[in-house]
Amino acid sequence: MSEIKITIAGKNFTAITADTTAAAEFSKRLPLTLRMNELNGNEKYAGLPEKLPADPVCPGRITGGELMLYGNSTLVLFYEPFPTSYSYTRIGKITDIRGLKEAVGQESVTVTFETIQNKR
């Protein structure tokens with residue numbers, strides 16, 4: 001597991017990656033800037049330039065700050081909790097979601113994902 005810096009509207013968030021092959025492959029492709037579209041008042045999504053290995057499971061409930069892969073090429077950032085019957089592959093989770101809903105807004109938004117280098 002590693003850390004990812006997510007920048008939205010000038011505000012930075014830190015996410016911890018999941019222990020999945022998809023998360024590891026996603027991290028290898030960073031930095032990445034995506035224009036993420038609004039959906040259902042609870043998520044932002046964007047197509048990825050390359051497919052990732054998927055191993056989807058139905059979580060039953062989504063919490064704010066979860067970063068998931070839908071199918072094998074759609075990245076989804078959830079900012080509101082809700083029950084779900086859809087299946088996703090875990091990529092990571094934002095550790096502190098204070099200000100996330102305000103940062104993503106109600107329209108499409110540009111989001112940058114970067115690997116955080118560990119200081120030694």
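## Close-up views of a predicted model

View 1. Strands of a sheet pair through backbone hydrogen bonds, either parallel or antiparallel.

**View 2. The pairing of strand 3 with strand 10.** Strand 3 (residues 32-39) also pairs with strand 10 (residues 109-115), in the antiparallel sense and over five bridges. Two residues of strand 3 may be followed across to their partners. Leu34 has Val111 of strand 10 as its bridge partner, and Met36 stands opposite Val109 in strand 10.

View 3. In which order do the eight strands of the closed barrel run? The order is 1-2-9-6-7-4-3-10, with antiparallel pairing. On average, neighbouring strands of this sheet are turned by 30° against each other, direction ignored.

**View 4. Helix 1 across the strands.** Helix 1 (residues 21-28) lies across several strands, including strand 1 (3-8), strand 2 (11-17), strand 6 (66-70) and strand 7 (74-78). Strand 9 (89-94) is another of them, and helix 1 runs at about 65° to strand 9. Which residues of helix 1 are buried? They are Ala22, Ala23, Phe26 and Ser27. These four cover an arc of only 135° around the axis and therefore lie on the same side of helix 1. An α-helix has 3.6 residues a turn, so residues three or four places apart point the same way. The face turned away from the buried side of helix 1 carries the exposed residues Thr21 and Lys28.

**View 5. Phe26 and Phe113 in the largest nonpolar core.** The largest nonpolar core has 27 residues, and those with the most contacts inside it are Ile6, Ile8, Phe26 and Phe113. Beyond its neighbours within four places in sequence, Phe113 is in contact with residues that include Ile4, Ile6, Phe26, Leu34, Met36, Leu67 and Leu75. The count of aromatic pairs in the model comes to five. In soluble globular proteins, nonpolar side chains tend to be buried together.

View 6. Phe78 and Tyr88 form an edge-to-face aromatic pair, with 5.3 Å centre to centre and 85° between the planes. Phe78 belongs to strand 7, whereas Tyr88 belongs to the loop between strand 8 (82-83) and strand 9, 10 residues apart. Both Phe78 and Tyr88 are buried. Ring pairs link Tyr70, Phe78, Phe82, Tyr86 and Tyr88 into a cluster.

**View 7. Leu69 and Thr89.** Leu69 has its place in strand 6, and Thr89 lies in strand 9. Are these residues buried or exposed? Leu69 has 0% relative accessibility and therefore counts as buried. Thr89 is buried as well, with a relative accessible area of 2%. Leaving aside neighbours within four places in sequence, Leu69 is in contact with Thr89, and its other contacts include Ala22, Leu48, Leu52, Tyr88 and Ile91. Counted in this way, the contacts of Thr89 include Ala22, Pro53, Ala54, Met68 and Leu69.

**View 8. Arg98 in a loop.** Arg98 has its place in the loop between strand 9 and helix 2 (100-104). Its relative accessibility is 64%, so Arg98 counts as exposed. When residues up to four places away in sequence are not counted, Arg98 touches Lys11 and Phe13. Arg98 and Gly65 are 33 residues apart in sequence, and 9.5 Å apart in space from C-alpha to C-alpha.

How values were computed:
Residues numbered from 1 in each chain as written. Predicted model: local features only at pLDDT ≥ 70, side-chain atom pairs only at ≥ 80, totals over all residues. Heavy atoms only, no water. Pairing = 2+ DSSP bridges. Axes fitted to C-alpha atoms, helices over the stretch in contact; angles between N-to-C directions. Contact = heavy atoms within 4.5 Å. Phe/Tyr/Trp six-rings, centres within 6.5 Å; stacked < 30°, edge-to-face > 60°. Buried < 20%, exposed > 50% of the residue type's maximum accessible area, 1.4 Å probe, protein only. Arc of directions from axis to C-beta. Core = buried A, V, L, I, M, F, W, Y, C linked by side-chain atoms within 4.5 Å.
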